[in-house]
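Trainee: I would like to go through the pockets of this model. Where do we start?

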Amino acid sequence: MMKIAVIGLGYWGPNLVRNFLAVEQVDGVIGCDKDESRLHKLKKRFPEVELCSSLDEVLTRDDVAAVAIATPVSTHYPLAKKALEAGKHCFVEKPFTTTVAEAEDLINTAEKKGLKIMVDHTFIYTGAVRKIKEVVDKQMLGDLYYFDSVRVNLGLFQHDVNVVWDLAPHDLSIMDYVLGKKPTSVSAIGSDHTGSGLENMAYLTVGFNNGLMAHFHVNWLAPVKIRKTLIGGSKSMIVYDDMEASEKIKIYDKGIEVKTREGVYETLVQYRTGDMLAPKLDQTEALAIETNHFVDCMLNNKTPLTDGISGLNVVRILEASEKSIKNSGSIVKLS
């Protein structure tokens with residue numbers, strides 16, 4: 001049995017509290033925030049939760065095995081570093097850190113201490129994304145051609161990060177998990193229409209070897225909310241629409257066949273159109289699966305599916321995209 005402290009009780013923190021309370025092996029949850037009104041609000045919703053306003057108080061307790069950090073991204077590194085140094089496992093909200101160097105340092109610290117880091121890439125634990133991963137791993141799409149994602153809505157404008165750091169981590173983590181391939185380059189362009197110095201819309205292109213490419217459109221100034229991803233391959237194509245209530249995943253038996261006539265300088269492209277399949281998906285709440293997985297990894301010394309390396313992979317692309325935007329979309333090579 002163990003206790004878990006949730007640091008930061010703003011938008012996402014209470015969801016973590018609710019789900020960790022439901023984990024059988026968790027013996028209690030501590031809510032931690034400097035804002036007294038947030039503590040009061042949490043107590044009304046979850047009377048059984050302990051409250052505190054000091055991280056130091058949490059870290060000195062022997063019954064606290066782990067901390068879940070749901071604070072602004074600029075605070076992730078110092079809070080997680082302090083927790084790891086105190087011998088606590090860490091569950092960190094996305095994006096993992098603000099720089100690659102910070103992510104690498106946390107990973108190294110956790111390894112030296114024999115502790116677990118898990119990054120809250122929640123979409124990886126949804127029934128839809130797990131089904132996409134299954135389809136790709138079974139080679140149902142054939143050779144992969146592209147990963148194309150749109151994540152736009154009207155607001156919510158952030159005050160500490162641009163739209164890429166706010167919205168793109170979701171889709172970058174899905175890409176990293178589903179494709180399982182290392183990107184080679186990043187280029188991005190973006191615009192700031194509010195004078196804040198933070199881009200509120202952006203287009204991000206990630207290159208791979210063998211012709212595979214990924215493209216991401218993120219925007220806080222769209223009149224509608226769109227959460228859609230297309231993945232194309234030589235055999236089939238997937239449309240993942242997270243706004244759909246029931247059929248979030250549709251697999252299309254569509255594509256092209258290219259034939260080159262010998263002796264003739266002409267390429268013949270033929271189109272193939274077959275059936276559409278909408279597979280049944282697991283409807284279990286992703287965060288419930290994720291919190292149970294985190295506890296299981298701690299108790300049984302397993303590597304989390306979305307570990308520090310997963311978080312680092314996303315931060316590496318985010319950092320490169322920021323560099324590219326500041327240099328008018330120039331291509332940034334990834335090591």
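Mentor: With a definition. On a 1 Å grid over the protein atoms alone, a pocket is an open set of points where a 1.4 Å probe fits, with protein on both sides within 12 Å along at least five of seven lines. Its volume is the space filled by probe spheres set on the points, which are joined across faces, edges and corners. The model is predicted: local features need pLDDT of at least 70, side-chain atom pairs 80 or more, while totals for chains, interfaces and linings use all residues. Residues are numbered from 1 along each chain, and side-chain values use heavy atoms, without hydrogens and water.

Trainee: How much space lies in the second largest pocket?

Mentor: Its lining includes Asp-176, Lys-181, Ile-309 and Arg-316. Lining residues have an atom within 4 Å of a point. The space in this second largest pocket is about 290 Å³.

Trainee: How many charged residues line the second largest pocket?

Mentor: Asp, Glu, Lys and Arg count as charged. This lining also has four nonpolar and three polar residues. The charged residues number four.

Trainee: What is the volume of the largest pocket?

Mentor: The largest pocket is lined by 50 residues, with Tyr-11, Trp-12, Glu-93, Lys-94 and Asp-166 nearest its centre. They divide into 20 nonpolar, 16 polar and 14 charged. The volume of the largest pocket is about 1,500 Å³.
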